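Please keep the sequence and the structure in view while reading.

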Amino acid sequence: MLVNVLVLPLDRPQHRVLLGFKKTGFGAGKYGGFGGKLEVGETLAVAAVRELQEESGLLAKPHNLWYAAQLEFLFPACPDWNRTVHVFRLEFWEGEPQESDEIRPVWFGLDELPLKQMWSDVPYWLPQILQGSRPKMRFTYHQDNQTVELAEELE
Ligand SMILES: Nc1[nH]c(=O)nc2c1ncn2[C@H]1C[C@H](O)[C@@H](COP(=O)(O)OP(=O)(O)OP(=O)(O)O)O1
C-alpha cells in the first residue's frame with residue numbers, strides 16, 4: 001500500500017495551523033497538511049522535511065517533528081487510492097510560507113478549520129492531535145470516495 005507523510009505546522013502562540021490548498025494532484029480543491037509520497041531510501045522524517053519545504057517553503061529540522069498519528073485510508077471503489085499516512089506535528093521551523101504551483105498555504109485559527117473543504121476523515125483525528133493524543137485509525141470510504149463509511153480506532 002502507498003505510504004504518505006503529512007506535516008501540520010502549528011503556531012501555538014497564535015493558536016493557528018498552516019494548511020495547504022491543493023491546486024493539483026491527489027485531493028485537489030481541498031485543504032490539508034503538507035506531504036506526499038516517500039522517495040526511495042527516505043525515512044519518514046526525511047520525506048516529511050522535504051515535502052514540507054517543497055510545498056510550503058518552511059524549513060524544519062527532523063528532531064522538531066512530533067509523530068502525531070498513523071492513519072489508514074481505504075477506498076473500496078478505488079483501491080489504487082488506498083494509503084497509510086504518517087502525520088507529524090511541527091511547532092518550530094524557519095522561513096515564511098510560500099505559494100507553489102501545487103499548493104497555496106493559508107493560516108487558520110484552530111477554532112476555524114475549513115472542515116467543509118477538507119477530507120471528511122479530518123474531524124475524527126485532527127482534534128485529537130491538537131489535544132496532544134496520538135491517534136491510530138483506519139477509515140473506509142463510501143463508494144463515492146468522498147464520505148467516511150467506517151472509522152475504526154486501531155489497537
Ligand atoms: N484522507 C486523507 N485526509 C487527509 O487529511 N490528507 C490526506 C488524505 N489522504 C491523503 N492525504 C494527504 C497526504 C499527502 O500529503 C497528500 C497526497 O500526497 P501524494 O503525494 O499522493 O499526492 P500528490 O498530489 O503529491 O501526488 P500525485 O497525485 O501523484 O500527483 O494528501
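Is E94 buried, partly exposed or exposed? E94 is partly exposed, because its relative accessible area is 46%, and a residue counts as buried only under 20% and as exposed only over 50%. The model is a predicted one.

**E94 and its surroundings**

- E94 sits in the loop that runs between β6 and β7 (103–109).
- Beyond the residues up to four places away in sequence, E94 touches G57, L58, L59 and K61.
- T43 is 51 residues from E94 along the chain, and the C-alpha atoms of these two residues are 21 Å apart.

**Nonpolar cores**

- In soluble globular proteins, nonpolar side chains tend to be buried together.
- The largest nonpolar core here has 28 residues, and the members that touch the most others are L8, L19, L71, F73, V87, W125 and F139.
- At least two residues of this core come from each of β1 (2–11), β2 (16–22), β5 (65–74), β6 (83–90), α2 (122–130) and β8 (136–141).
- Apart from this core there is another one, of 14 residues, which includes F34, V49, L52 and I103.
- With residues up to four places away in sequence left out, L19 touches L8, Y31, G32, G33, F34, R104, P105, V106, F108, L113, P114 and M118.

**Ligand site**

- There are 16 residues around the ligand, and K22, G35, K37, R83 and D121 come nearest.
- The side chain of N4 has an N or O atom 3.5 Å from an oxygen atom of the ligand.
- F26 places a backbone N or O atom 3.1 Å from a ligand oxygen atom.
- For G36, a polar backbone atom is 3.4 Å from an oxygen atom of the ligand.
- On its own the ligand has 650 Å² of accessible area, of which the protein covers 81%.

**Aromatic pairs**

- A pair of aromatic rings is described by the distance of the centres and the angle of the planes.
- The model has 13 aromatic pairs.
- F26 and W81 make an edge-to-face pair, with 5.2 Å from centre to centre and 90° between the planes.
- This pair links distant parts of the chain, 55 residues apart: F26 is in the loop between β2 and β3 (31–32), and W81 is in the loop between β5 and β6.
- F26 is partly exposed at a relative accessible area of 29%, and W81 is also partly exposed, at 28%.
- Y124 and F139 make a tilted pair, with 5.5 Å from centre to centre and 55° between the planes.
- Helix α2 holds Y124 and strand β8 holds F139, so the pair links distant parts of the chain, 15 residues apart.
- How do the two partners stand in accessibility, buried or partly exposed? Y124 is partly exposed, with a relative accessibility of 38%, whereas F139 is buried at 0%.
- One aromatic cluster consists of F26, F75, W81, W119 and Y141.

**N82**

- N82 is located in the loop between β5 and β6.
- N82 counts as buried because its relative accessibility is 18%, and the cut-off is under 20%.
- A polar atom of the N82 side chain lies 2.7 Å from the backbone nitrogen of F75.
- Neighbours within four places in sequence aside, N82 is in contact with M1, L2, F73, L74 and F75.

**M137 and T140 in strand β8**

- M137 is part of strand β8, and T140 lies in strand β8 too.
- M137 is buried at a relative accessible area of 4%, and T140 is buried at 16%.
- Leaving out residues up to four places away in sequence, M137 touches Q70, L71, E72, Y124, W125, Q128, A151, E152, E153 and L154.
- The C-alpha atom of M137 is 9.9 Å from that of D121, a residue 16 places away along the chain.
- T140, with its neighbours within four places in sequence set aside, is in contact with L74, P76, V148, E149, L150 and E152.

Key:
Residues are numbered from 1 along each chain as its sequence is written. This is a predicted model: local features need pLDDT of at least 70, side-chain atom pairs count only at pLDDT 80 or more; totals for chains, interfaces and linings use all residues. Side-chain values use heavy atoms; hydrogens and water are left out. A nonpolar core is a set of buried Ala, Val, Leu, Ile, Met, Phe, Trp, Tyr and Cys residues joined through side-chain atoms within 4.5 Å. Buried means under 20% relative accessible area, exposed over 50%, partly exposed in between (1.4 Å probe, protein chains only). Helices (H or I, at least four residues) and strands (E, at least two) are DSSP runs, numbered from the N terminus. Contact means heavy atoms within 4.5 Å. A residue is near a molecule or strand if one of its heavy atoms lies within 4 Å of it. A polar contact is a pair of N or O atoms within 3.5 Å; within protein, one must be able to donate a hydrogen and the other to accept it, and residues adjacent in sequence count only if both atoms are side-chain atoms. Accessible areas come from the Shrake-Rupley method with a 1.4 Å probe; for residues, only the protein chains shown count as cover. Rings of Phe, Tyr and Trp (its six-membered ring) pair if their centres lie within 6.5 Å; planes under 30 degrees apart count as stacked, over 60 as edge-to-face and the rest as tilted.
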